[in-house]
Amino acid sequence: MDVHEDTICVQSHRLRVQRLTQTKEMDADRLVLVFLHEGLGSIRLWRDFPRIMVEQTGLDALVYDRAGHGESSPLVG
């Protein structure tokens with residue numbers, strides 16, 4: 001399994017993202033698990049759950065730090 005980390009910009013917020021992939025090549029038609037946050041807000045707090053889900057389902061996954069959490073930009077206002 002490969003783990004790719006990056007920062008993306010969404011409506012003026014820098015969000016830290018992590019993608020866990022089973023395959024070397026990106027495929028636009030491939031299903032991806034997206035881990036949405038409730039109150040936690042960061043990649044670190046998911047611990048190894050995304051990795052386990054990728055291994056069990058064979059799907060890729062995307063996890064992110066909500067704005068104001070983890071390595072994403074702080075909330076302003």
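Begin by selecting aspartate 60 and arginine 30: in this predicted model, their side chains make a polar contact of 3.2 Å. Aspartate 60 belongs to strand E4, which covers residues 60-64. Is aspartate 60 buried or exposed? Its relative accessible area is 2%, under the 20% limit, and aspartate 60 is therefore buried. Next, display the residues that aspartate 60 touches beyond four places in sequence; among them are Arg19, Thr21, Gln22, Leu31, Leu33 and Val54.

Before continuing, colour the model by confidence. The mean pLDDT of the protein is 89, and 96% of its residues reach 70 or more. Among the elements, helix H2 (residues 49-57) has the highest mean pLDDT, 95, while helix H1 (residues 43-46) has the lowest, 90.

Now select Leu20, Phe35, Ile43, Trp46, Val54, Ala61 and Val63. These seven residues form the largest nonpolar core. At least two residues of this core come from H1, and at least two from E4. Keep isoleucine 43 selected and show its contacts beyond four places in sequence: Arg16, Val17, Gln18, Val63, Tyr64 and Asp65.

Finally, move to serine 72, in the segment after E4. Serine 72 has a relative accessibility of 8% and so counts as buried. Which backbone atom of arginine 16 lies 2.9 Å from a polar atom of the serine 72 side chain? It is the backbone nitrogen of arginine 16. A polar atom of the serine 72 side chain also lies 2.5 Å from the backbone oxygen of aspartate 65. To end the tour, select threonine 7: its C-alpha is 7.9 Å from that of serine 72, although the two residues are 65 apart in sequence.

Methods: Residues are numbered from 1 along each chain as its sequence is written. This is a predicted model: local features need pLDDT of at least 70, side-chain atom pairs count only at pLDDT 80 or more; totals for chains, interfaces and linings use all residues. Side-chain values use heavy atoms; hydrogens and water are left out. pLDDT is the predictor's confidence in each residue, from 0 to 100. Helices (H or I, at least four residues) and strands (E, at least two) are DSSP runs, numbered from the N terminus. Buried means under 20% relative accessible area, exposed over 50%, partly exposed in between (1.4 Å probe, protein chains only). A polar contact is a pair of N or O atoms within 3.5 Å; within protein, one must be able to donate a hydrogen and the other to accept it, and residues adjacent in sequence count only if both atoms are side-chain atoms. Contact means heavy atoms within 4.5 Å. A nonpolar core is a set of buried Ala, Val, Leu, Ile, Met, Phe, Trp, Tyr and Cys residues joined through side-chain atoms within 4.5 Å.
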